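User: I am new to reading protein models, and I would like to learn how to describe what I see. Could we go through one together, step by step?

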Amino acid sequence: MYSEPLGYFITITVRGSWLRGDERGSVKKGTGFLPPDPNWVRMDASNLANPPLLFSDEQRIIIEQAIRTLCDERGWILHEINVRTNHAHFVVTAFETPPEKVMLDFKAKGTRALRKAGLFPQDQRPWTEHGSTIYLFKQNEFDSACIYVRDGQ
């Protein structure tokens, strides 16, 4: 029996700031979690088209405002948000919308807002290719995700 999740815990990373094989852990699409591997980190770092990106305080504020606006427009409930210099976490309830779509919409809205404010070049992407999308079905999982996003950074 399928039940609607209480929300999603979404994490997206900033381009070049969290490479495959990173000691903090990483995921390779289709294979799952990867062990730390400095060789992968060196290889991926050498293949970056641009230096790793870190968001400024101004960029972080613009992204957060854009995500809040998007949630209001879509009728999604944004329970927690934390836009950091090299990643962002969200706990959101987005009725009848899969978390992958929510994540892509967050990236797009944040990117457009940065470009509109003149804070990011048109020819670059700020985000990594994918991200983490976790369904939160149990109240304790939902509460833990909210606490982590709000207080665990």
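User: In which kind of crossing, left-handed or right-handed, does α2 pass α3?

Analyst: Please keep in mind that this is a predicted model. In the crossing you ask about, α2 passes α3 in a right-handed manner. The contact is made on the α2 side by residues including I62, I63, A66, I67 and L70, and on the α3 side by residues including F106, K109, G110, A113 and L114. Sorted by class, this contact has 9 nonpolar, 3 polar and 5 charged residues.

User: At what angle do helix α2 and helix α3 pack, and how far apart are their axes?

Analyst: In general, two packed helices are described by the angle between their axes and the distance between the axes. Here helix α2, which covers residues 57–74, and helix α3, which covers residues 99–116, pack at an angle of about 130 degrees, and their axes are 8 Å apart.

User: How many helices and strands does the protein chain have, and what pattern do they follow along the sequence?

Analyst: The secondary structure of the protein chain comes to 4 helices and 6 strands, and when it is read along the sequence the pattern is β-β-β-α-α-β-β-α-β-α.

User: Is T11 buried or exposed, and which residues does T11 touch?

Analyst: A residue counts as buried when its relative accessible area is under 20%. T11, which is found in strand β1, has a relative accessible area of 15% and is therefore buried. Leaving aside residues up to four places away in sequence, T11 touches A88, H89, G131 and S132, and a polar contact of 2.8 Å joins the side chains of T11 and H89.

User: With which side chain does the side chain of T13 make a polar contact?

Analyst: T13 also belongs to strand β1, which covers residues 7–13, and the side chain of T13 makes a polar contact with the side chain of T128, at 2.7 Å. The reasoning about burial can be repeated here, since T13 has a relative accessible area of 15% and is therefore buried. For the protein chain as a whole, buried residues make up 42% of the 153 residues.

Terms used
Residues are numbered from 1 along each chain as its sequence is written. This is a predicted model: local features need pLDDT of at least 70, side-chain atom pairs count only at pLDDT 80 or more; totals for chains, interfaces and linings use all residues. Side-chain values use heavy atoms; hydrogens and water are left out. Helices (H or I, at least four residues) and strands (E, at least two) are DSSP runs, numbered from the N terminus. Buried means under 20% relative accessible area, exposed over 50%, partly exposed in between (1.4 Å probe, protein chains only). A polar contact is a pair of N or O atoms within 3.5 Å; within protein, one must be able to donate a hydrogen and the other to accept it, and residues adjacent in sequence count only if both atoms are side-chain atoms. Axes are lines fitted to C-alpha atoms, for helices over the stretch in contact, and angles run from 0 to 180 degrees between N-to-C directions. A crossing is left-handed if the near helix is turned anticlockwise from the far one by less than a right angle, and right-handed if clockwise. Contact means heavy atoms within 4.5 Å. Ala, Val, Leu, Ile, Met, Phe, Trp, Tyr, Cys and Pro count as nonpolar, Asp, Glu, Lys and Arg as charged, and the others, Gly among them, as polar.
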